[in-house]
Amino acid sequence: TKREGDGATPAGVFPLRYVLYRPDRVDLPKTRLDTRPLEPDDGWCDDADDPAYNQPVKLPYPASCEALWREDHVYDVIVVLGHNDNPPVPGLGSAVFFHLAKPDYTPTEGCVAVDLGTMMEILSVSGPESNMSPKCTN
């Protein structure tokens, strides 16, 4: 029942695809997952009418997208979850990530978030066979 912009975390079992990290802020995470350093022009398309929907893009991009290189620290480490990505279905949700929580742990817009120490601990035991099973919340 996940829909683009509904603010809900989807219920299900989702593979951990790969890790993106800010090399200027954090060390390369120790994990068996593929890792990729973020660059200032990295983004993620959230425009359901665009062919790159729910996929990484380079900024500036002509359709609606989210910048992954942020001033705050929530995207210093991002785990891309296998939600609506094989293939992406327009409107069923994009950019559902496992990332860092804000200092006050305010809710995300549908992602799963933890502190940096917990993230690094989880990544240290994660590999290509690892999954996440969040429960749907609003």
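Strand E1 (residues 14-21) and strand E9 (residues 131-132) run antiparallel and are joined by two bridges. Strands are runs of at least two residues, marked E, and helices are runs of at least four, marked H or I; both are taken from DSSP and numbered from the N terminus. Two strands count as paired if DSSP finds at least two bridges between them. The model is a predicted one, in which local features need pLDDT of at least 70 and side-chain atom pairs count only at pLDDT 80 or more, while totals for chains, interfaces and linings use all residues. Residues are numbered from 1 along each chain as its sequence is written, and side-chain values use heavy atoms, with hydrogens and water left out.

**Strand E1 and its partners**

- Phenylalanine 14 stands opposite methionine 132 of strand E9.
- Five bridges link E1 to E6 in the antiparallel sense, and tyrosine 21 has valine 77 of E6 as its bridge partner.
- With strand E2 (residues 35-37), E1 pairs in the parallel sense over three bridges, and leucine 20 stands opposite arginine 36 there.
- Strand E1 is largely enclosed by the rest of the structure, because six of its eight residues are buried; buried means under 20% relative accessible area, exposed means over 50%, and partly exposed lies in between, for a 1.4 Å probe and protein chains only.

**Arginine 36 in strand E2**

- Arginine 36 is found in strand E2 and is partly exposed, with a relative accessible area of 38%.
- Neighbours within four places in sequence aside, arginine 36 is in contact with Tyr18, Val19, Leu20 and Tyr21; contact means heavy atoms within 4.5 Å.
- Arginine 36 and valine 112 are 76 residues apart along the chain, and their C-alpha atoms are separated by 20 Å.

**The open sheet E4-E3-E5**

- Three strands form an open sheet in the order E4-E3-E5, with antiparallel pairing.
- The edge strands, each pairing on one side only, are strand E4 (56-58) and strand E5 (65-67).
- Neighbouring strands of this sheet are turned by 40° against each other on average, direction ignored; the axes are lines fitted to C-alpha atoms, for helices over the stretch in contact, and angles run from 0 to 180 degrees between N-to-C directions.
- Strand E3 (residues 42-45) is joined to E4 by three bridges.
- Glycine 43 lies in strand E3, and its bridge partner in E4 is valine 57.
- What is the relative accessibility of glycine 43? Glycine 43 has a value of 1% and therefore counts as buried.
- Not counting residues up to four places away in sequence, glycine 43 touches Gln55, Pro56, Val57, Leu59, Glu66, Ala67 and Leu68.
- Glycine 43 and glutamine 55 are twelve residues apart in sequence, with their C-alpha atoms 8.6 Å apart in space.

**The loop between E6 and E7**

- Histidine 83 has its place in the loop between strand E6 (77-81) and strand E7 (97-100).
- At 8% relative accessibility, histidine 83 counts as buried.
- Beyond its neighbours within four places in sequence, histidine 83 is in contact with Lys2, Pro10, Phe14, Asn54, Leu92, Gly93 and Val96.
- Asparagine 84 is found in this loop as well; its phi is near 50°, a positive value in a residue other than glycine.
- Asparagine 84 counts as buried at 13% relative accessibility.
- Alanine 95 also lies in the loop between E6 and E7, and its phi, near 55°, is a positive value in a residue other than glycine.
- The relative accessible area of alanine 95 is 9%, so this residue is buried.

**Cis peptide bonds**

- The peptide bond from asparagine 86 to proline 87 is cis, with omega near -5°, and proline 87 lies in the loop between E6 and E7.
- A cis peptide bond also joins leucine 59 and proline 60, with omega about -5°; proline 60 has its place in the loop between E4 and E5.

**The largest pocket**

- The largest pocket holds about 450 Å³ of space; grid points are joined across faces, edges and corners, and a volume is the space filled by probe spheres set on the points.
- A pocket is an open set of points, on a 1 Å grid over the protein atoms alone, where a 1.4 Å probe fits, with protein on both sides within 12 Å along at least five of seven lines; lining residues have an atom within 4 Å of a point.
- Of the 25 residues that line the largest pocket, Glu66, Tyr75, Glu109, Gly110 and Cys111 lie nearest its centre.
- The lining divides into nine nonpolar, eight polar and eight charged residues; Ala, Val, Leu, Ile, Met, Phe, Trp, Tyr, Cys and Pro count as nonpolar, Asp, Glu, Lys and Arg as charged, and the others, Gly among them, as polar.
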